[in-house]
Amino acid sequence: MEKFVYLFHEGNGNMKETLGGKGANLAEMTRIGLPVPFGFTISTQACNAFYNSGKIIPKEVEKQILEALNLLEEKMGKKLGDPNNPLLVSVRSGSVFSMPGMMDTILNLGMNDETVIGLAKLTNNPRFAYDSYRRFIQMFSNVVLEIDSYFFEQFLEEKRELKGYTSDPEMTAEDWQEVIKGYKEIVKQHKKIDFPQDPKEQLFLAIHAVFKSWNNQRAIVYRRLNKIPDHLGTAVNVQSMVFGNMGDDSGTGVAFTRNPSTGERILYGEYLMNAQGEDVVAGIRTPQPIATLKEEMPSVYQQFEDTCQLLEQHYKDMQDIEFTVERGKLFILQTRNGKRTAQAAIRIAVEMVKEGIIDKKTALMRVDSDQLNQLLHRRIDDTVDKKVLAKGLPASPGAATGMVVFSADEAEQLGNDGKKVILVSPETTPDDIHGMVAAQAILTSRGGMTSHAAVVARGMGKACICGCEAIKIDMKNKQFTVGDTIVKYGDVITVDGSTGEIMLGEIPMIDPELSEEFQLLLSWADEVRKIGVRANADTPEDAKKAFEFGASGIGLCRTEHMFMDLKRIPIVQKMILAESYSERMEALEQLLPMQQGDFEGIFEAMQGHPVTIRLLDPPLHEFLPNKEELLVEVTKLQMTDSQSDELKMKEQLLKKVRQLDEFNPMLGHRGCRLGMIYPEIYEMQVKAIFYAAAKIAEKGMKVKPEIMIPLVGHVNELKQMRQLVVDTAMTIQEETGKVIEYTIGTMIEVPRAALTADQIAEEADFFSFGTNDLTQTTFGYSRDDAEGKFLQAYIDNKVLPENPFAVLDQDGVGKLVETGVKLGRSTKASLKTGICGEHGGEKNSIDFFYRIGLDYVSCSPYRVPLARLAAAQATIRHEVNNKEVLTTA
């Protein structure tokens, strides 16, 4: 017979899958002898059985609950429903993973019109008894009968005002009796039933409600945000009540063993005398800091402090503890690992190593790598009230305040004047790069988490919100609307790229603080990790930031971003519009020293670490004006100034734009296909690389260029482009007299490349997997369209578990990456492999890349610390798993 119900002393802390986190901790605290009120846990398996039975508690589960209840009554010497000596219990949820405030709790269960009289006599405290009863009616009615708490709060507020009271403790027993009568009328009015009086009926209705709360809306949203599986279910804890509202020698509170905001080793929390647990969080009364309990009840405080130290030593982590004092006696109701900020997480982990509580590897596993984003970007002060205007996709973390502008040119102009601006646009293109550099943040109404705006903003460390369809942008009138609210050019808004929230006006910010503990923790990560971490960086400034954050090289330098400078765009367009080879070469010769200067800056910033440079990748039309806008300009000039030189120039430009126009540019004439048709473009870039390398070598500095050919799908493409690089490099090395060590590789970003990687490896020294495009070409998704139109619905409806552009699709795209690595190394065992798509900075993807044997991951500079930690965590996690396998074998 399957066991569904466990008394606290039958469980332990390792049974979270069965007992839930709360139940396992109650069992563990009972086991180590702490003063825990007795009770039992109904398992997560019982919750699943409840759903499998059509939301009915199965008979076998019901039977085991009644058996456990009998044992609880024997232990406490009280009976549920006994008018002379009533047992009262709490009924609380407890999922496997902590979900604070997401599910439901009921206190004082077992109270009715008879037991309230018995409790009043037993305690000689009628006020306490009737106060407890009215609390039970309100909680039970809200959680089980689904009557909004507002009706009860409103009634209570009216009663207080009528009596001239300012707080609940002023209410007398008689006052509470009047409130109880009113509460019962509210139940009758809303549900057409009398408030349930049978305590066993109350118990099973409460258990039913807690099971149901596993699928309430806030619990579903919380699970989605925190990636908690839906199938786990919740346990239910039934525990004998202790009372903090029995008088001035009683109280209740919540405390952390360390400060959850800063990590400081000091008790942090608050409590209320003569109160029950919900009073602490309800805001009706102002709680007292936990430190004042030392003066109010010195012996209880000392016992609580000792208990805190014991629990922290036992669980080897900062604890979040709920406690109640009943008539001077301390009871521990709950402990769990406390939620904390990134700053606190790092400090606590490092200090616990120094205190000898945990070792370095445990400390590394203690910090969620995703949290590090909080430390690397300005963030909104959480203590400030804010009114959210709209919400989009949180594409790049950080927060910013600025004036709204609607074009990149405006952003650059105002930015140069020292103004802080936020660039608002339906979407961005490479043409907007100058405005994005000048802006504090970017907000788009279209596009997704890996759209141009998102990728570039993350690389710059700027806040970015994408795909905010709630805002309707009117570019002509320079304004956007959200409902009835109009935000005009020059108005100030604040955006939070970590949450996707947009707010009117200026919201106070907190600057990032990189503590000594932060640096120390990352140094421990570097000692442990067995996979390298590089950065995607396109400018010397990006490269310097990456180096500061601990990158061991550049894994992707996108040379096209160097073309987008306003001074260079006319020359780039001249190159594209060239009618002859000589005209094109003239433009390329002008671009060469510009690219060379960029490469020099990047090589110097990386101080001898390898730099992977991707030759020009995007289609040429991206460097030209928008076709529709150009057509309008030409039409206007034909009507107003038909003989002008400007018209001739723009007609020629329109002709070229039409020639270059493609139905699907992302699968068109781009990447190595450009180099195959216009080899002189790639030749110029290779010259710039080797001239720059020679210049840096003259300064006595090391340089390690790795030249990457993009979008290779067939070995013959790489073979031809490799020869171009080798020939050009030899020419420049003979000219400069500097022999530069270099390698040539390719980006694997189309399925055919992964599937023929054994052939391609014959011509490659390294592979870098471009998982952004590989995801796009494997799924057949247009990235921006998918994220803007249907992808979120797919995730919500569980068609897909995650956004595959944010978290690697290991079953599909991951299989291609793994295949590419295996095939490539079957040809060339020493083949270096890395990844430079957005997935290089995502912890679950990094874990996968470690498992399949990649040499490094590469991500935007601001994600380098995250990747360093995640890489160490992957190493530790799989070392442990491997040891377990060996031990089992």
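Modeller: Let's start with Asn 108, which lies in strand 4 (residues 105-109). Strands are DSSP runs of E with at least two residues, helices are runs of H or I with at least four, and both are numbered from the N terminus. This is a predicted model, where local features need pLDDT of at least 70 and side-chain atom pairs count only at pLDDT 80 or more, while totals for chains, interfaces and linings use all residues. Residues are numbered from 1 along each chain as its sequence is written, and side-chain values use heavy atoms, leaving out hydrogens and water.

Colleague: Why is Asn 108 called buried?

Modeller: Its relative accessible area is 0%. Buried means under 20%, exposed over 50%, and partly exposed in between (1.4 Å probe, protein chains only), so Asn 108 counts as buried. Its phi is also near 65°, a positive value in a residue other than glycine.

Colleague: And what makes Ala 806 buried, exposed or partly exposed?

Modeller: Its relative accessible area is 28%, so Ala 806 is partly exposed. You will find Ala 806 in the loop between helix 32 (791-796) and helix 33.

Colleague: How do you know that Glu 706 and Arg 534 form a salt bridge?

Modeller: The term asks for a side-chain nitrogen of Lys or Arg within 4 Å of a carboxyl oxygen of Asp or Glu. In this pair the closest N and O atoms are 2.8 Å apart, so the pair qualifies. Glu 706 in strand 27 (residues 704-709) and Arg 534 in strand 24 (residues 532-536) are 172 residues apart, so the link joins distant parts of the chain. Glu 706 is buried at 4% relative accessible area, and Arg 534 is buried at 5%.

Colleague: What makes Lys 650 and Glu 633 a salt bridge?

Modeller: Their side chains meet at 2.6 Å, N to O. Lys 650 lies in helix 24 and Glu 633 in helix 23, so the pair ties together parts that are 17 residues apart in sequence. Lys 650 counts as buried at 15%, whereas Glu 633 is partly exposed at 33%.
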